[in-house]
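The description begins with a strand and then turns to a helix.

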Amino acid sequence: MQGKVIDVTIDTIVGEVMNMKNDGQRFVTFSTYQEAEGKLGILYHFDKDLEDTHLRLVVDMDKPIPSVSGVYFAAMLVENEIRDQWDVKFDGLVLDFNRTLFLDPEVTQVPLVSNVKIQPKK
Amino acid sequence: MAITVIPFGPQHPVLPEPIHLTLKVEDEIVKEAIPALGYVHRGLERLVEIRDYHQMITVCERVCGICSMIHGTCYSQCIEELMDIEVTDRAKMLRVIWSELHRMHSHLLWLGLFADAFGFEALFMQFWKVRERIMDINEATAGSRVIVSVNIIGGVRADLSPEQLRWILSELDIAEKEIKDMQNTIMNDYTVKTRTCGIGVLSYDQAYELGAAGPTLRGSGVASDMRMNGYGAYGELDIEPIIETAGDCWARCTVRFREVLQSIDLVRQAISKLPEGELAVKVKGNPPEGEVYARVEQPRGECVYYIKGNGTKNLDRLRIRTPTFANIPPLLTMLPECELADVPVIVLSIDPCISCTER
Amino acid sequence: MFGSFIKKSRAKSPWIMHFDCGSCNGCDIEVLACLTPLYDVERFGIINVGNPKHADVLLVTGTVNHRNKKVLKNLYDQMPEPKAVIAIGACGNTGGVFREAYNVVGGVDKIIPVDVYVPGCPAKPEAIIDGVVLGLAKFAQKVEEAE
């Protein structure tokens, strides 16, 4: 992967993101992937003068994740998206859509968790 | 003064796509805007489970019809990086030509819609008339008007003959003249200036901190253009990011207008430097385990792809962050303290592409 | 006499409304391209309106998902009788490439009755105009029957 990858933990993430902001990094986005059963990997992408930096955080999906939307307001949207897709909780989210950013309240399944399989239609 | 809540959208005459904004207004002044998305959400990121990595190009191109070519390019580049495939120089340059044609048609489309948003219908028709030339080029060279689908893993599927290249250049000469005829109107006309100057101001610091992308970012004076990192064949071309410093709707409009002219220039450069060679290399096997992160410049700004392969023909994860998704937080900062009548103009000034945003 | 005049003008100058129901924009911009100088459907008396209560013909592009199906149903119910619905593009007909995605319900006909299906991904403006003409024939028939 292009750019530098720094591993962080759930305790240091907000501080590390704060350091990034003080360093003048521009917030790009987060990416998520399934690290293992019940474990979610989150990559925080930053950019400064076309140089990429990534923070990698691996969390248990049943524990709340500290929100960085207080540091970067723009993270609010992507954290809501992750909440929609993986049904994880964020602590201190500035604007919480409660899993209705993309999904309708009548949808109860969790889209990206592998317990729901989509089937090819004929 | 009492607060009134006014719903904006999802079906609104000025918006071609459904987005909903809850506007809290005091008298005529907007105090707060809260977005509601999800009207176009399809969930195509999960389709990687049942479509193999070749078939996913078709899906990626349909993330958004207006920037489909560049979505396809970005996805192909990611897979090529993951599988360590070296694409030929000719294929890279051909991708640049179609990408820039796509950027032109997207910007012309937006300029027309923007003119329509402040009620200048004649200008809307004029821009769309010019745009049809670009659509003709797309149709003649790739066989389809909007979704050109020329990318395949390892290269491109269509070639441009010398006659076609000459014809493209002559069409572009006419288009450039027609576009320049409208320059004075879109930049200096009294009506246009009254509706756009000083409206929806986003300062340099705000734009940078909120992670804005593309013309919204460059309209506030930040020189950030992903084409500068030289992906594909952009490293061989002479390219300068276009910036304006005012940060209002007029600045964003001007950036896009100048980018149309820049794209014409880039197509000319690319055609003059087009090398000989094969169109595509053979691809064997499946993408190995690994992660790829790639950024390209779309008409609306930087687009981020993150791909995780697991050694099978289906990818493990595909994540797409599109430019409009990054431009919604800046929009929410632009809207407060504006007049209700200016809301459509400000919303359009970020060039919202909702089907991109929600995927 | 006045009734026959209204009847005639309804079929001869239909007002269309376009609703984007989760399409990728490809079909939407082709619908818009129909209104611009090269194709210019306004010369046939067709006007694009934004208000469902003014509209005779509803053009729908894209797949239906769980959130916009209510909007679609609502718009359809607000249109006055008689009315015609035209589904545009592969997604509007069946769900297209997105049919298996988790938030997609399917084609437009899962929610509202559709009169004409226009194929293509994206449908070309010529095909859309063809579809509208076909829809108008059905619409004129409905106007007759409404008497």
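In strand 3 (residues 57–61) of chain C, five of the five residues are buried, and the strand is mostly covered. Strands (E, at least two residues) and helices (H or I, at least four) are DSSP runs numbered from the N terminus; a residue is buried if 20 or more other C-beta atoms, placed from the backbone, lie within 10 Å of its own. The model is predicted: local features need pLDDT of at least 70, side-chain atom pairs count only at pLDDT 80 or more, and totals for chains, interfaces and linings use all residues. Residues are numbered from 1 along each chain as its sequence is written, with chains lettered from A and ligands numbered from 1 in the order in which they are written.

C:Val57, C:Leu59 and C:Thr61 point one way from strand 3 of chain C, while C:Leu58 and C:Val60 point the other way.

Chain A has two helices and six strands. Helix 2 of chain A is largely enclosed by the rest of the structure, because eleven of its twelve residues are buried. Among them are A:Ala75, A:Met76 and A:Leu77. Just after helix 2 of chain A, A:Asp87 takes a positive phi of about 55°.
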